[in-house]
Amino acid sequence: MGETTGFQIRAYRPGDEDSILAGMARAIAREEEPSLRAPSEAVWRWRYLDAPDGSCIRLAVDPEGRVLAHFAGVILRVLVGGKIQRWVAVDDSFGDPSAAAGLGRHRPFLAAMRAFAQDFGGPPPDRHPVLYGLPTRRVLRFSYHLGLPTRHAKRRGDPVLDWEMVRESCVLRLDPGSPGEAEVGDVAVEETASFPEEVGRLFERAAAGWGALAVRDARFLNWRFAAHPEHRYDVGLARRRADGALLGYAVYRLAEFEGRREGLLCDWLVPAGEDGAAVALRRWGARRARADGASLAILIPDTAPEWIAFQEAGFRLHPARDFLAVLPAQRRLDANGLYRNWYTTLADFPRLA
Amino acid sequence: MTEYEYRPYRAGDEGRILETHNLVFSEGNPAFLPRTMSEWEWAYTRNPGGVRVLLALDGDLVAAHYAAQPYRVRMGGKDCSFGQIVDSYVHPAHRSALKRPGLYVKTAERFFERFLSPEWDTGYWGLAIPETWRMGRRFLNYQLVRRQNFLVRDLRPVSAAPAGAREIDAFDGRAATLFARCSKDWGYAVVRDERYLNWRFVEHPRHTYVCFAVDGPGGALAGYAVFRLADWPAPRAGLLADWLVPPGDGEVGATLREAVLERARREGATSLVAIFPEWSPWCARFGEWGWISRPSDYVLAAQSCYPWLDMHFMRHGWWTQLAEIDLA
């Protein structure tokens with residue numbers, strides 16, 4: 001926290017919402033990507049004040065109380081090598097472009113970005129060993145030009161701006177006319193609007209195959225999906241018909257994604273070996289998307305076994321706009337390690353869908 | 001401490017460059033076939049794009065070598081030069097693992113100071129393994145364009161070669177017309193003209209490529225595909241090294257696909273491998289044809305001398321094929 005010329009860096013205080021949202025709307029209007037939207041106050045409050053494990057916010061505020069920059073993220077519990085860490089999904093970051101002219105116009109944003117990384121990033125258990133997000137092209141340029149030590153002959157790089165790229169994002173998409181998959185095994189999909197407690201045991205089974213996976217228990221999932229103030233998600237629970245055991249789940253929503261109307265599989269968790277559940281959930285998602293007259297799409301890492309299985313089921317690869325970037329505090333959690341070992345879906349990015 | 005002389009290649013350096021090159025790449029690789037002088041000349045002095053080599057010399061010894069193969073690239077209707085970083089190494093006696101930045105980075109920095117500019121090369125790319133990607137990002141300003149996946153297809157029993165595709169010995173002037181037709185919506189791409197294609201594939205001194213063409217109305221070139229059997233990225237991989245077909249010409253594409261499949265099967269390939277940018281309709285089309293996108297450890301990395309020519313631009317506008325990678 002501190003004072004710099006013309007603005008102060010500080011934490012969120014109740015009552016900041018109006019100024020945050022007004023600044024965000026101005027900033028988004030200037031971005032190159034037309035599908036970006038400023039959240040409503042209800043969504044902002046859900047995202048940052050209601051998140052089950054808390055949030056991290058740094059603001060640049062001028063003497064009149066106007067928010068010039070906002071850097072914020074949601075804390076997610078992540079199971080890493082058998083231990084829980086708290087990572088931060090950085091979701092809404094902006095600098096108000098009308099605050100100043102010339103080169104000084106980015107100062108509040110950079111100051112908020114630096115303060116955020118310095119105050120929240122660092123080794124566990126006190127800090128957050130991974131800050132991650134999907135930065136806009138503008139933010140990536142900051143990271144590239146100011147973060148690396150080699151960019152300027154006379155100035156050292158600023159390590160708290162040196163975000164690493166984990167991967168580019170790709171969508172796997174099934175067109176509405178694609179042939180359906182044949183059913184495998186004796187699995188039924190139960191539709192529900194919220195998650196039962198038993199999903200925690202499913203998560204434990206699924207997590208065994210991954211080096212890093214955000215905890216998908218009922219508390220997190222019901223906040224992420226069931227309690228969303230504006231979006232309606234449908235949850236498909238794949239159960240073995242014989243005994244009702246939970247074998248996997250998927251979350252579906254019809255949404256605008258990067259300017260396209262899609263049936264999105266917003267989350268997907270099926271432990272290795274549960275092929276019947278995977279097929280049943282894909283069939284369920286395809287039926288939902290067909291009924292909505294939309295394609296069915298999912299974002300999963302190309303290092304996941306599902307990446308191949310979805311293609312074999314007829315999903316085709318298409319580029320998505322963003323790059324996944326991280327600011328890691330531990331070498332073993334660098335971008336190369338996370339690329340290979342971290343499972344993510346849209347659920348890990350509360351702003352996206 | 002050695003005082004190195006850093007300078008670009010001069011005629012007559014070839015012998016000492018090859019000495020260090022063959023020493024470096026034979027380390028721990030009993031199967032290594034030394035590079036010959038004619039191979040070196042093909043890669044550098046005969047490259048239509050020019051020579052980009054920066055040496056660190058200790059007397060007559062090449063202590064470090066940083067180089068690129070530049071190509072003519074069409075970007076928004078204009079031509080410029082872009083290079084692929086190749087053959088970059090340090091002599092074993094001059095490595096200093098604990099010193100940062102070491103001779104490798106210092107040589108690379110001088111290379112970029114000398115050549116990375118609109119007058120020489122607008123940018124460079126390279127296919128990096130994780131270790132070199134980490135160093136390239138940290139010390140040489142490389143950006144990630146994509147984690148490079150391969151489109152892979154297991155081979156199935158094949159019918160006879162299709163009638164519509166013919167093997168050609170060389171490319172002619174019709175290739176440039178086809179390229180102009182295909183590339184009008186691309187952000188940027190290495191220009192596929194007669195000169196480049198014949199240098200890249202027909203005159204290659206080590207590898208044998210099979211070039212298939214389909215003729216269009218009036219004798220035009222409707223599409224081509226280039227195939228080679230290789231042991232990279234997997235043993236007995238059939239590489240679809242280059243592919244140029246207008247996206248709307250599905251029939252031409254299917255004919256070339258069958259020709260490549262038949263040839264791959266005949267040469268004993270166990271799989272076929274290609275790369276396409278995800279934005280290309282051919283990426284989805286090959287998916288429909290049973291090619292599966294599989295991850296690899298490789299990173300396609302690049303840098304440029306313009307801030308706007310960043311990873312977003314490259315990822316969403318750069319036409320890339322295996323032809324863009326010297327390993328293919």
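1. Salt bridges between the domains of chain A. In this predicted model, 2 salt bridges are counted between domain 1 of chain A and domain 2 of chain A. A salt bridge also joins the side chains of A:D217 and A:R77, with an N to O distance of 3.0 Å. The domain assignment places domain 1 of chain A at residues 2-162 and domain 2 of chain A at residues 171-321, so A:R77 falls within the bounds of the former and A:D217 within those of the latter, these bounds being taken from an automatic or database assignment.

2. Polar contacts and contributing elements. Across the interface of domain 1 of chain A and domain 2 of chain A, 8 residue pairs are found in polar contact, both residues being at pLDDT 80 or more. On the side of domain 1 of chain A that touches domain 2 of chain A, the elements giving two or more residues are α2 (41-48), β4 (67-80) and β5 (83-95) of chain A. The most is given by β4(A), with 6 residues.

3. Extent of the domain interface. The C-alpha centres of domain 1 of chain A and domain 2 of chain A are 30 Å apart. In terms of contact, 21 residues of domain 1 of chain A meet 19 residues of domain 2 of chain A. About 1,600 Å² is buried between domain 1 of chain A and domain 2 of chain A, and carbon and sulfur atoms give 64% of this area. Of the area that domain 1 of chain A buries against domain 2 of chain A, 43% is supplied by A:W46, A:P52 and A:R77, more than by any other three residues. The student may wish to locate A:R77 here as well as in the salt bridge with A:D217.

4. The sheet of chain B. Chain B holds an open sheet of 7 strands with mixed pairing, in the order β8-β10-β11-β12-β13-β7-β14. Its edge strands are β8 (165-168) and β14 (292-294) of chain B, each of which pairs on one side only. From one strand to the next, the twist averages 35°.

5. A strand pair and a helix in chain B. Strands β10 (residues 210-215) and β11 (residues 221-230) of chain B run antiparallel and are joined by 6 bridges. Within this pair, B:F212 stands opposite B:A225 in β11(B). Helix α6 (residues 194-202) of chain B packs on the sheet and touches β10, β11 and β12 (237-244) of chain B. The direction of helix α6 of chain B makes about 175° with that of β12(B).

Technical notes:
Residues are numbered from 1 along each chain as its sequence is written. Chains are lettered from A and ligands numbered from 1 in the order in which they are written. This is a predicted model: local features need pLDDT of at least 70, side-chain atom pairs count only at pLDDT 80 or more; totals for chains, interfaces and linings use all residues. Side-chain values use heavy atoms; hydrogens and water are left out. Two strands pair if DSSP finds at least two bridges between them. Helices (H or I, at least four residues) and strands (E, at least two) are DSSP runs, numbered from the N terminus. Axes are lines fitted to C-alpha atoms, for helices over the stretch in contact, and angles run from 0 to 180 degrees between N-to-C directions. Contact means heavy atoms within 4.5 Å. Buried area is the accessible area (1.4 Å probe) that two parts lose on being put together, summed over both. A salt bridge is a side-chain nitrogen of Lys or Arg within 4 Å of a carboxyl oxygen of Asp or Glu. A polar contact is a pair of N or O atoms within 3.5 Å; within protein, one must be able to donate a hydrogen and the other to accept it, and residues adjacent in sequence count only if both atoms are side-chain atoms.
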